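Subject: Structure handover

Hello,

Here is the structure for you to look over. Please open it next to this email.

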Amino acid sequence: MSIYDTLNDKQRMGVETTEGPVLLLAGAGSGKTRVLTHRIAYLLEEEGVSPWNILAITFTNKAAKEMRDRVDRLVGYGSEQIWVATFHATCVRILRRYADRLGYDNNFTIYDTDDQKSVMKDICKKLNIDTKMFKERAILGAISSAKDELISPMQYAMDAFGDFQKRKISEAYTEYQNTLKKNNAMDFDDLIVKTVELFKSCPEVLAQYQNRFRYIMVDEYQDTNTAQFELVRLLAEQYRNLCVVGDDDQSIYKFRGANIRNILDFEDTYPEATVIKLEQNYRSMGNILAAANAVISNNRGRKGKKLWTAESEGSRLHLRQFDTAQEEAAFIAEDIRSKNREGEASYGDCAVLYRTNAQARLLEERMVVLGIPYTVVGGQNFYGRKEIKDVLAYLKTIDNGRDDVAVKRIINIPKRGIGSTSIAKVQAYADAQEMSFYDALCRTEEIPGLGKAAAKIAPFVTLIQGFRSKVDYYGLEGLLKDLIQMTEYEEYLKENEEEPEDRIENVQELVNKVITYEAEHDQPTLGEFLEEVALVAEIDNVKDDVNRVLLMTLHSAKGLEFPHVYLAGMEDGVFPSYMNITSDNREDLEEERRLAYVGITRAMKDLTLTCAKSRMIHGQTQYNMMSRFVKEIPDELLDRSKPKPRFSEEEVISAYSHTFAQRPVYDYRPKAVPKPKETATAVKPFVSQGIGDLNKIVGISKGIGGAKSGLEYGVGDRVSHIKFGEGTVLSVQEDPRDYKVTVVFDKAGQKVMYASFAKLRKI
DNA sequence: TAGTTGGGTTTTTTT
DNA sequence: AACCCAACTA
């Protein structure tokens, strides 16, 4: 009996065909990850391949980690030597060694969307581009698309010759790349593009990696773009042992440059390829699969395959239409609660999927009202918060003084009396002398017309220099703590931001994050920490062992599965989105349909489709018809019964009475020098009252439903933390997104932390 | 320079 | 509805 005996014939073929190119067309739920992990195990155990010679590229860090864990369980050794990472992480790792060959420092910074935008803003000003006509976003979008296709600024300029609009974009593109290089920074797209560039300009570097990666596997191949394809092609050129796994029906990232032709034309690029189709689905009940097949069969551009299951039909899909989006959200929350009470499903078995992040709000409100523990994936990323970005900008400045964006972000935070006029003067000097913004700051006495502002800049420079000289001496944790203290950042938050307590806690959370990072790495460096932080996706932080309902977009849900799934907002105009209905490109609608296919196939046992006749979008009420995708599902698969009231009247009413609907509308903008107390009483109570209610409700529902808090530990339990050691849980507080845990550590004292970040263990 | 106000725009999806 | 930005005022 070997570990391979549990595989079906096709899966086994995928595992054992290790030589040459392989295209594994793996339908949803067909055990694709199993094949990949067993394939790696097979290479190691049966073929005697060194783990060092294997490269596996995944779509998210979460998937990478999961793959490593599963390989670990199969073979029990050597898995840490296998290179398993996302495209971006892979490229960063290579570039950290060789970026100098392209004229960057190896400690380059990674720019996120925000950083890109502020660079582009400056460029538009510099090039006199009218941002009314050409939006920064649009220009950046065009640049990103060009990079996805490996089109250099120079090539772009040549294509743009006769076209005014394109010429403008071309100028911006050229300037943008120059700025990034000057700042020693790369954006997400650059990571791929520059790696390809490196391989093309330095054959000896390429040869080294080609030689190392004798077996290459790429997951979610249908979502690779042209640049990523080229990267893989180059790496695999020598041994040609390239195994790509994907499902053309699940290609949903065209907007991000994914080129579906990569998978459709794989056999043209590699004529000797072995093609294996995995069509047996092990995830969903028959009716769910039938619905998915019916919907996707309306698409033309496909490889063509039909999923089947040995499972029984299961129950029909539920379809419910409501008058308003509020009622829809209320129904979903109530339905989940009743399933939980009746023991049909735990909260962690349920997921609510929707097309746009904005739809999360209403659902979230209802979850709060009913006291259902939930997690929203996506939306505002932890590292996207203002306070986190500020602190990170300090760290970036310390790490890489050439990163102008970071320096400018914090030069006047907290307020140092350095305004836009002074900044402009410094920038002008920096441009003239061809030096970085920070270097110019160091020579304020040479800058004309700065006057008194020079005296305000000097302490800032001293501050940064001070941190730099101390980094090696006191480590990252010390640096960060010192930084927060010296800048009096928390005081700044208290005086200038709404809800400063939450923000301060977020900053503390970042400190914990640094501590964890330092504890997990033998040779922690500031640069590496910043990089790790730059490449995390929201989904990477979701722990699936926590008993909570997950709310997320259909895109985020790719690759996941849940016993009970709700697809909310099944309306024309929402899903498929208005943009794609009006598009005259047939392919756009097909991509939406693939998204529907992804959504349906997430469900294992039970699938509920809901829609509303009216909902607010951008502050206006829209009236939508039921989604055309729902109509593509054969009627006999649907249960259209009226939503039956599951609760007594009073129960429903009492639940509604907690609604946030009466919450007064107020301006969230930071007030001018707010008197802290006053703000606290004027604004805070409504929010904290809501959360207070929530706590009560959670408590009640725990009592009634017997639901667990979703954490393995509770108040009074002894827990251990990777850095702080052992301690006792003082309190656990429900926060809309997470549990806030207060622990008194034996050595480190009292700390407040978020459960999902803190990784506490019960002992 | 800092803070206020009013007007205009929007992401649909994300490494 | 929420957010961002430019123009205006103290």
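Below is what was found in it, from the whole chain down to single residues.

**Ground rules**

This is a predicted model, in which local features need pLDDT of at least 70 and side-chain atom pairs count only at pLDDT 80 or more, while totals for chains, interfaces and linings use all residues. Residues are numbered from 1 along each chain as its sequence is written, chains are lettered from A and ligands numbered from 1 in the order in which they are written, and side-chain values use heavy atoms, with hydrogens and water left out.

**Whole chain**

Chain A has 32 helices and 21 strands. Both are DSSP runs, numbered from the N terminus: helices are H or I with at least four residues, strands are E with at least two. Of its 763 residues, 54% count as buried. Buried means under 20% relative accessible area; exposed means over 50%; partly exposed is in between (1.4 Å probe, protein chains only). Contact here means heavy atoms within 4.5 Å.

**The parallel sheet**

Look at the open sheet of 6 strands. Its order is β3-β2-β6-β7-β1-β8, and the pairing is parallel. Two strands pair if DSSP finds at least two bridges between them. β3 (83-86) and β8 (274-278) are the edge strands, each pairing on one side only. On average, neighbouring strands are turned by 15 degrees against each other, direction ignored. For angles, axes are lines fitted to C-alpha atoms, for helices over the stretch in contact; values run from 0 to 180 degrees between N-to-C directions.

Strand β2 covers residues 54-58 and pairs with β3 in the parallel sense over 4 bridges. β2 also pairs with β6, again parallel and over 4 bridges. Ile57 stands opposite Ala85 in β3.

How many of the residues of β2 are buried? The count is 5 of 5. In a regular strand the side chains alternate between the two faces of the sheet. Both faces of β2 are covered, with Ile54, Ala56 and Thr58 on one side and Leu55 and Ile57 on the other.

Helix α2 (residues 32-45) lies across β1 (22-26), β2, β6 (215-218), β7 (242-246) and β8, and runs at about 170 degrees to β6. Helix α3 (residues 61-75) packs on the sheet and touches β2 and β3; its direction makes about 160 degrees with that of β3. β2, α3 and β3 make a right-handed β-α-β unit. Right-handed means that, with the strands pointing away from the viewer, the path from the first strand over the helix to the second runs clockwise.

**Asp190**

Asp190 lies in helix α9 (residues 188-201). Is Asp190 buried or exposed? It counts as buried because its relative accessibility is 1%. Its side chain makes a polar contact with the side chain of Lys147 at 2.9 Å. Another, of 3.4 Å, joins the side chains of Asp190 and Gln177. A polar contact is a pair of N or O atoms within 3.5 Å; within protein, one must be able to donate a hydrogen and the other to accept it, and residues adjacent in sequence count only if both atoms are side-chain atoms. Leaving out residues up to four places away in sequence, Asp190 touches Lys147, Gln177, Leu180 and Thr195.

**Aromatic rings**

Rings of Phe, Tyr and Trp (its six-membered ring) pair if their centres lie within 6.5 Å; planes under 30 degrees apart count as stacked, over 60 as edge-to-face and the rest as tilted. The count comes to 17 aromatic pairs. Tyr253 and Phe255 form a tilted pair, 5.7 Å centre to centre with 40 degrees between the planes. Tyr253 is buried at 9% relative accessibility, whereas Phe255 is exposed at 62%. Trp83, Tyr98, Phe199, Tyr209 and Phe213 form one aromatic cluster.

**Asp349**

Asp349 lies in the loop between α15 (325-341) and β10 (350-354). Its relative accessibility is 26%, so Asp349 counts as partly exposed. Not counting residues up to four places away in sequence, Asp349 touches Phe562, Pro563 and His564.

Best wishes
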